[in-house]
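Here is a friendly walk through one model, with a few stops along the way.

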Amino acid sequence: MRTVTKRAAVSAAALLLSAGMLAACSNGSSGDKTSDTGGTSGANSSAKIGLLLPDTVTPRYATADYPYFKDEVAVKCPKCEVLYQNAAGSAATQQQQAQAMITQGVKVLVLDPFDGEAAAAIVTQAKAKNIPVVSYDRLIDSGDLAAYISFDNEKVGQLQAQALVDRMKELGLPSTAGILEINGSPTDNNATQFKKGAQSVLTGTSYKVLGEYDTPGWDPAKAQQWASGQISKVGAKNVQGVYAANDDTGGAAIAALKAAGISTLPPVTGQDASLAGIQRILAGEQYMTVYKAFKPEASKAADMAVDLANGTKPDLPATATTAKGATVPAELLDPVAVTTKNIQDTVVKDGLYKVSDICTAAYKDACTKAGIK
């Protein structure tokens with residue numbers, strides 16, 4: 001945010017009146033700075049911070065992102081209020097939710113867009129009210145963002161595809177073996193980056209992509225329907241690997257393969273380290289997932305939001321480029337590939353899940369074998 005420089009001709013009395021008005025304002029203004037506390041919970045100690053998440057088909061938003069974000073705001077700014085909404089897979093709903101939060105007087109919006117292009121209108125509306133916007137997890141196609149926090153998304157796709165290729169080689173599959181490619185939502189800029197990273201690996205091999213699909217809204221039902229059609233079209237035995245952009249679409253592909261009577265499943269990728277995905281990995285149905293440490297992502301987003309509510313611009317180590325070529329300040333965290341070999345050292349060690357959550361009766365033996373304790 002900008003601070004307007006006063007003209008030299010302004011009288012001392014006017015300056016004193018202005019200062020007094022600012023001091024009396026419990027919520028502060030867009031130019032307020034942190035006061036004598038020395039931290040991020042000063043001038044806007046009772047600010048409203050809006051958190052808008054994109055869909056309900058991805059479990060992590062309700063189980064990880066929202067609670068982690070809310071908890072960190074409570075630590076950094078105990079009297080701040082988090083206003084939360086989920087768009088449930090609708091860009092129009094997200095637009096309405098954002099407008100409602102702007103009307104309610106939020107000082108900052110943290111927005112994970114369902115549609116990165118459509119969400120640019122939200123940023124424009126917020127900017128008109130001097131409300132900074134943090135693009136969370138998915139990049140909004142706007143050059144007016146205050147900050148962007150996510151993971152290296154091309155690297156996510158590379159990790160997935162490389163794990164798939166390595167596993168297919170390990171299994172001794174022919175060099176021309178066929179792969180089904182199930183990408184994420186075409187309205188999600190992250191999905192475009194996952195796809196780019198994956199294809200940079202897959203095109204460097206002799207494996208054949210039998211079919212490619214961009215899953216609308218990340219909807220598992222649509223992914224399963226497409227996979228079933230492809231299996232019928234190319235023949236079940238010819239599907240020897242599945243690149244799936246996340247755990248839900250990976251699970252959908254596995255369901256389609258099982259429905260086609262395939263007993264020995266090909267390697268299938270995933271992302272998000274969902275509980276169901278981790279358990280499928282233990283059961284030998286899904287080969288891998290990508291773990292993105294949601295807690296540091298949500299916590300850093302909360303820190304940015306509190307800073308911005310207090311008029312402090314976050315000092316970020318990187319930049320990101322939007323779909324239209326704008327450069328925005330960013331922090332990009334490192335994703336990690338997870339197989340049975342490192343479940344213990346990732347999602348268990350970080351406390352994403354308790355052992356009791358993962359190792360239910362159906363997975364007890366597999367957990368013992370994988371060294372999960």
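## A starting question

Why does D188 count as buried? The model is a predicted one, and in it D188 has a relative accessibility of 2%. The cut-off for buried is under 20%, so D188 counts as buried.

Where does this aspartate sit? D188 is found in the loop that links β6 and α6. A polar atom of the D188 side chain lies 2.8 Å from the backbone nitrogen of N190. Leaving out residues up to four places away in sequence, D188 touches R138 and W218.

## The sheet beside that loop

Strand β6 belongs to an open sheet of three strands, ordered β7-β6-β8, with parallel pairing. The edges are β7 (208-214) and β8 (239-244), each of which pairs on one side only. On average, neighbouring strands of this sheet are turned by 15° against each other, direction ignored.

Look now at β6 (residues 178-183) and β8: these strands run parallel and are joined by five bridges. Here L180 stands opposite V242 of β8. Helix α6 (residues 189-202) packs on the sheet and touches β6, β7 and β8. The direction of α6 makes about 165° with that of β6.

## Helix α5

Next comes α5, a helix of 18 residues covering 153-170. From first C-alpha to last, α5 reaches 26 Å, close to the 26 Å expected at 1.5 Å a residue. After α5 comes G172, with a positive phi near 75°.

The buried residues of α5 include V156, A161, L164, V165 and M168, along with N153 and Q160. What do the buried residues of α5 pack against? Their partners are β5, β6, α6, β8 and β9 (289-291).

In soluble globular proteins, nonpolar side chains tend to be buried together. In this model, the largest nonpolar core has 47 residues, and F69, V110, I278, I343, V347 and I358 have the most contacts inside it. Elements giving two or more residues to this core include β1 (48-53), α2 (60-76), β3 (108-111) and α9 (275-283). Helix α10 gives the most, with nine residues.

Setting aside neighbours within four places in sequence, V110 is in contact with I49, G50, L51, L52, F69, V134, Y136, A301 and A305. There is also a second, separate core of 21 residues, with V133, L139, L145 and Y148 among them.

Technical notes: Residues are numbered from 1 along each chain as its sequence is written. This is a predicted model: local features need pLDDT of at least 70, side-chain atom pairs count only at pLDDT 80 or more; totals for chains, interfaces and linings use all residues. Side-chain values use heavy atoms; hydrogens and water are left out. Two strands pair if DSSP finds at least two bridges between them. Helices (H or I, at least four residues) and strands (E, at least two) are DSSP runs, numbered from the N terminus. Axes are lines fitted to C-alpha atoms, for helices over the stretch in contact, and angles run from 0 to 180 degrees between N-to-C directions. Contact means heavy atoms within 4.5 Å. A nonpolar core is a set of buried Ala, Val, Leu, Ile, Met, Phe, Trp, Tyr and Cys residues joined through side-chain atoms within 4.5 Å. Buried means under 20% relative accessible area, exposed over 50%, partly exposed in between (1.4 Å probe, protein chains only). A polar contact is a pair of N or O atoms within 3.5 Å; within protein, one must be able to donate a hydrogen and the other to accept it, and residues adjacent in sequence count only if both atoms are side-chain atoms. The expected span of a helix is 1.5 Å times one less than its number of residues.
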